[in-house]
Each structure stands twice: as structure tokens, then as C-alpha cells.
Amino acid sequence: MSQTTQTKPRLTTSAMIASIAEEGQATRAAPFGHALVQLAKQHPEIVGMTADLSKYTDLHIFAQAYPERFFQMGMAEQLLMGAAGGMAKEGFIPFVTTYAVFATRRAYDFIHQVIAEEHLNVKICAALPGLTTGYGPSHQATEDLAIMRGIPGMTIIDPCDALEIEQAVPAMAAHAGPVYMRLLRGKVPVVLDKYDYRFEIGKARLLEEGNDVLIISSGIMTMRALEAAEKLRKDNVSVAVLHVPTIKPLDEKTLLEQAARPGRLVLTAENHTQPGGLGEAVAALLMRNKVWADFDAIGLPDAFLDAGALPTLHDRYGISTARMVEKIKQRLG
């Protein structure tokens with residue numbers, strides 16, 4: 001009986017939870033925690049609340065600076081959201097942290113009924129969004145945006161890097177009403193500094209111009225889109241990158257203007273399941289406004305994903321830079 005041996009690809013890292021930064025890339029440690037501490041100096045109404053995950057959502061930095069304004073609610077996410085709603089009704093601005101799977105799946109009814117229906121000023125900051133952990137479906141919030149998009153009045157933010165998180169924190173506090181932000185934690189890449197970037201709720205930003213392809217991206221996929229654009233430039237493929245940090249409300253004007261430019265492949269890219277995410281939102285917007293584009297989407301499949309090392313999983317499910325470049329080349333023929 002003959003035997004065949006398959007050579008498995010070497011893993012970049014075996015870590016199931018790892019920084020998404022490339023080797024040698026600039027990072028900033030815990031941008032959310034530090035930004036919240038700075039903002040709280042001028043705003044005594046800001047409080048921090050978590051469900052036993054302060055260390056793992058960078059809220060421990062706020063807890064150390066303002067212990068009297070920090071509330072540890074234990075492993076009880078429904079209680080966390082209900083209490084945050086109560087704090088907001090008393091005039092506080094609660095910044096609430098947990099993992100995205102627990103916020104959107106376990107505590108959904110409390111967010112919907114306690115916070116959103118009364119349009120309370122609660123800021124939900126949810127770590128491990130999309131495929132940013134290898135611990136399998138129990139921890140991979142691949143459908144969080146789809147879940148939260150259905151809540152009336154909920155503002156949804158998917159930041160790209162440390163700079164954007166730092167700028168989003170004060171913008172969230174100034175915004176009246178509930179906000180859900182996907183949270184990058186630990187050592188977070190710095191990407192947008194070279195673009196003189198300023199975050200605004202509801203605004204998209206064109207980072208790169210290009211005549212052949214338009215990538216409409218959010219979150220960590222904007223970093224990947226910029227990397228893909230640089231690689232494709234060497235093959236004389238001109239790629240524009242439109243960063244969309246606010247998933248709801250969308251910057252419809254900018255999206256329509258960019259997608260309407262003729263002769264370009266329009267490609268959305270998101271760290272989220274394709275059903276219910278950025279791609280479907282953009283496709284529906286274009287259809288409603290009769291903007292006919294050569295359209296495609298990069299995103300996670302409609303499936304329960306595997307556990308494993310993140311670089312391996314990103315390749316497997318098509319959201320690595322290499323797989324993005326590969327798909328664009330295939331679509332361009």
C-alpha cells in the first residue's frame with residue numbers, strides 16, 4: 001500500500017489570539033484604554049463598565065486611573081447592559097466592554113430593549129470582532145455587525161488602527177445615543193497616520209486613488225487593502241482604497257460618487273461574514289440608486305469557522321493580503 005505525505009504550510013505564528021500587526025509594523029499599546037483615560041479627565045460623567053474582561057479589553061487602564069468610576073459587573077453581560085442603561089438614564093456616559101460574541105449574542109435583548117429603544121447614551125466597545133481570534137465559533141464574532149445593524153438608532157464603528165480608535169473614543173462620547181464599536185486591543189497597528197487622517201462618525205475617507213479597482217473596506221481590512229494596493233501597483237494595477245469606518249450610518253454620498261466612476265472593479269472587503277455586513281449594505285445602496293458597477297465582495301463565509309492559528313485562518317477564509325491580491329487578479333483576468 002503506497003503512502004503519500006502532504007507538506008503542510010508553515011505557520012507564521014501558532015497564536016490563536018495575536019496582534020494583527022505585521023512584523024516590524026508600528027503599533028501602539030492599548031489605544032482605547034489610554035484614550036478613555038485622557039477623555040475622562042475633562043468629563044467626570046464618563047464611567048467604565050465591564051463583565052470580568054477589563055484586562056482583555058484594555059479597560060484596566062481606566063480602572064487604575066479612576067477606580068471610583070469603574071464598575072466590574074462579573075460574568076453577567078445582560079446585567080452589564082441593563083446597568084449601563086440605568087447609568088445613562090442618570091446622566092452618565094458608560095463605556096461598556098466585553099467580547100463581541102457576548103455583547104451581540106448573549107446580551108442582545110438587553111441592548112435592544114433597555115439601551116436602544118430609549119436611545120440611551122451607552123457606548124459598547126466589543127473586543128475580538130470578526131476573525132481576530134482562533135478559538136473557534138464560541139469566540140469568533142463573525143456576524144456581530146449583521147446583528148447590530150438591525151437595531152434602530154444604533155451607530156456602528158469598525159476602526160482600522162490605533163489612531164482611529166484614539167479619535168473615535170471622544171467622537172463616541174460626543175455623539176448622542178447608543179454606539180457599538182469593534183475594539184482592537186493590545187498592540188494595535190498604526191496605519192492611518194501617513195494620510196493626515198481624522199475620524200468622523202458617518203464619514204468615509206478615500207485613502208488611495210486608483211483607476212482599475214476600488215476597494216471599499218472597513219476595520220482591519222483597510223490595512224489589508226492598502227497592502228494589496230501596494231503589491232498590485234508593482235503589476236501596474238491601479239487600486240483606490242475607500243475606508244468606511246462607520247457601518248451605520250453609511251456615508252452614502254461618498255460611496256455612490258466613488259462607485260459610479262466608470263471602468264473600475266468595485267470590491268468590498270470586511271472582516272465579517274458576507275451576509276449582513278458591509279458588502280451587502282453597499283450592494284443594496286448601489287442597487288437602490290441605480291449605480292451599476294462590476295461588483296464583488298471579500299468577506300468571511302456563511303459558516304462556523306475553524307479554530308487555529310490566525311494567519312492560517314485568514315488565508316483559509318480569504319481575508320489575508322495575499323488572498324485579496326489573488327482574488328483581484330482573478331477578477332481582472
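## Exercises on a predicted model

Helix α8 is mostly covered, with 11 of its 14 residues buried. The structure is a predicted model.

**Exercise 1. Which residues of α8 are buried, and what should the helix span at 1.5 Å a residue?**

Step 1. Find the helix: α8 covers residues 220–233.
Step 2. List the buried residues. They are I220, M221, T222, M223, R224, A225, L226, E227, A228, A229 and L232.
Step 3. Work out the expected span. The rule is 1.5 Å times one less than the number of residues. For the 14 residues of α8, at 1.5 Å a residue, that gives 20 Å.
Step 4. Check it against the model. The end C-alpha atoms of α8 are 20 Å apart, so the two values agree.

**Exercise 2. What is the strand order of the open sheet of seven strands, and which strands are at its edges?**

Step 1. Read the order: β3-β2-β4-β5-β7-β6-β12. The pairing is mixed.
Step 2. Look for strands that pair on one side only. These are β3 (70–72) and β12 (246–248), the edge strands.
Step 3. From one strand to the next it averages 20°.
Step 4. Zoom in on one pair. Strand β6 (residues 155–157) and strand β7 (residues 179–183) run in the parallel sense, paired over three bridges. Here I157 stands opposite M181 in β7.
Step 5. Recall how strands are held together. Strands of a sheet pair through backbone hydrogen bonds, either parallel or antiparallel.

**Exercise 3. Is T98 buried or exposed, and which residues is T98 in contact with?**

Step 1. Compare with the cut-off. Buried means under 20% relative accessible area. T98 has 1%, so T98 is buried.
Step 2. Leave aside neighbours within four places in sequence. T98 then contacts L53, T57, E77, L80, M81, A103, C125, A126 and A127.

Terms used: Residues numbered from 1 in each chain as written. Predicted model: local features only at pLDDT ≥ 70, side-chain atom pairs only at ≥ 80, totals over all residues. Heavy atoms only, no water. Pairing = 2+ DSSP bridges. Helix = DSSP H or I, 4+ residues; strand = E, 2+ residues; numbered from the N terminus. Axes fitted to C-alpha atoms, helices over the stretch in contact; angles between N-to-C directions. Buried < 20%, exposed > 50% of the residue type's maximum accessible area, 1.4 Å probe, protein only. Contact = heavy atoms within 4.5 Å.
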